[in-house]
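Thanks for coming. I will go through one structure today, a few helices at a time, and then the core.

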Amino acid sequence: MPRRAHRKSRMGCSECKRRHMKCDEVRPACGNCSITSRPCSFLSSQPNAPMVDGSPASSSLSPASASVPYQSDAIIPSHRSSPASPVIEFPAVQSANMAQLEIFYHCLNTDFGLPAPPNVSKDHIPYPIIVEATLSHPFFMNELLAFGALHLAHLNPMKAQFYRHQAVGLQTNALNTFNAEMTKVTRDNCIAVICFNFLLNLHTLLETKEPADTPGVLDRYVHHMQLHRKAKNSLSDSWQLAMESKLGPILQGASGVLEYIIESGSHTAELKNCVRGSERLNDKEKLGCQEALDRIQWFLSGADGPRENVPSLAAIVVSLISWPLIIDADVIRLVAEKVPEALLIISYFAIPLHLCRNVWIFGTTGRRLAQSVRLHLDAKWHAWLDWPEEMMNTLSPFEGP
């Protein structure tokens, strides 16, 4: 049987040629080498301009060369061509990905509908530094595009399915690239690592409200907390380096929010007593649960107190996003294990989430999370859920600035 005709990859990498595989010629590393974690020769190649007698090839063209019609792949000879002269091979130029260009343009021209970081005006955010980091680190670029696609899905419901499809693929690329490339945090990549983890956190938070089945909302939020907590370990090195960078003032403003004094309100008092009297929790777990409720009390005191004492929307948003980092790891484990007292804490935390429903990254998450908790608890615990639902129905949503 005759062989099927196919286009040979004449400009493929050395590794693909050695393995007799068709190379897709993608830079900086081809697809075959990226998938199999092999050293791609493209990574070490350094294209140089053709040289003629030690000078750029653009000088002193011969009459013969001047008569050669223009061709994109033509090599223009010099007066004295040498057999040892380097021949540069470039991969075929692929068509521009219009969907990704649209998303990137959107990212460059939006604040994603989020308030500026606490104590920082939007005019002082170093956007050029962030854009430069995306261009230098593909994992950050892919996650930025993934988050931008989710924002476009929110803004354009008629094309939401298309943009969400883009977001899934781009996030997958971001995670694969990050896991393959990230070995050490340095001054060169610390901004990219911080921003990547921040956007990944928001991305998984948005996915919390995606499941059509209400019971799955709790499982998605648990996944979000676990991933956010895991990222905390990788951020320890990059945080200090980023604080010393031009991104430092923004991070300092966000850090200050997490140091706010805990309020001494009474909204969580009964649940704290329930935690103290629990027979299934040990002392360390009880302490972690009470500290988590202290932070929730801060939200509730602001929502149910005098208007002049309400924190800024930016402070509230940062605190809600950071809550999985602040609370003890035991609390997240207890929630994952569906321990009733821990699930009640989540139902209380759903209140400030719901009060921020006008911020698109939260939306219906608070309400759906409370409903999901009810489905995971035995009926004897349902009386504890009546008060959080009442608060959601009566308190006004948090507003800017």
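Val331, Leu334 and Val335 of helix 15 meet Ala342, Leu343 and Ile346 of helix 16. This is a predicted model, so please keep that in mind throughout. Helix 15 covers residues 329-336 and helix 16 covers residues 340-355; they pack at an angle of about 105°, and their axes are 8 Å apart. The two helices are therefore roughly perpendicular to each other.

The largest nonpolar core has 97 residues. Those with the most contacts inside it are Phe140, Trp323, Val335, Ile346, Ile361 and Phe362. Helix 9 gives the most to this core, twelve residues. Apart from this core lies another one, of eight residues, including Cys13, Cys23, Cys33 and Cys40.

Take Phe362 as an example. Which residues does Phe362 contact, leaving aside its neighbours within four places in sequence? They are Leu205, Lys209, Val317, Leu320, Ile321, Leu353 and Cys356.

Now helix 9 itself. Of its 18 residues, 16 are buried, so helix 9 is largely enclosed by the rest of the structure. Its length also agrees with expectation: at 1.5 Å a residue it should span 26 Å, and its end C-alpha atoms are 26 Å apart.

Next is helix 8, residues 160-181. Helix 8 has 22 residues and reaches 31 Å from first C-alpha to last, close to the 32 Å expected. Its buried residues are Ala160, Tyr163, Gln166, Ala167, Leu170, Gln171, Ala174, Thr177 and Phe178. Why do they lie on the same side of helix 8? Because they cover an arc of only 135° around the axis. The face turned away from that buried side carries the exposed residues Gln161, His165, Val168, Asn179 and Ala180. What covers the buried residues of helix 8? The cover includes helix 5 (98-108), helix 7 (138-155) and helix 9 (190-207).

Is Leu155 buried, exposed or partly exposed? At 45% relative accessibility, Leu155 counts as partly exposed. Leu155 and Trp360 are 205 residues apart in sequence, but their C-alpha atoms are 9.7 Å apart in space.

That is the end of my part.

Key
Residues are numbered from 1 along each chain as its sequence is written. This is a predicted model: local features need pLDDT of at least 70, side-chain atom pairs count only at pLDDT 80 or more; totals for chains, interfaces and linings use all residues. Side-chain values use heavy atoms; hydrogens and water are left out. Helices (H or I, at least four residues) and strands (E, at least two) are DSSP runs, numbered from the N terminus. The expected span of a helix is 1.5 Å times one less than its number of residues. Buried means under 20% relative accessible area, exposed over 50%, partly exposed in between (1.4 Å probe, protein chains only). The arc is that of the directions from the helix axis to the C-beta atoms. Contact means heavy atoms within 4.5 Å. A nonpolar core is a set of buried Ala, Val, Leu, Ile, Met, Phe, Trp, Tyr and Cys residues joined through side-chain atoms within 4.5 Å. Axes are lines fitted to C-alpha atoms, for helices over the stretch in contact, and angles run from 0 to 180 degrees between N-to-C directions. Angles under 35 degrees count as roughly parallel, over 145 as roughly antiparallel, 65 to 115 as roughly perpendicular and the rest as oblique.
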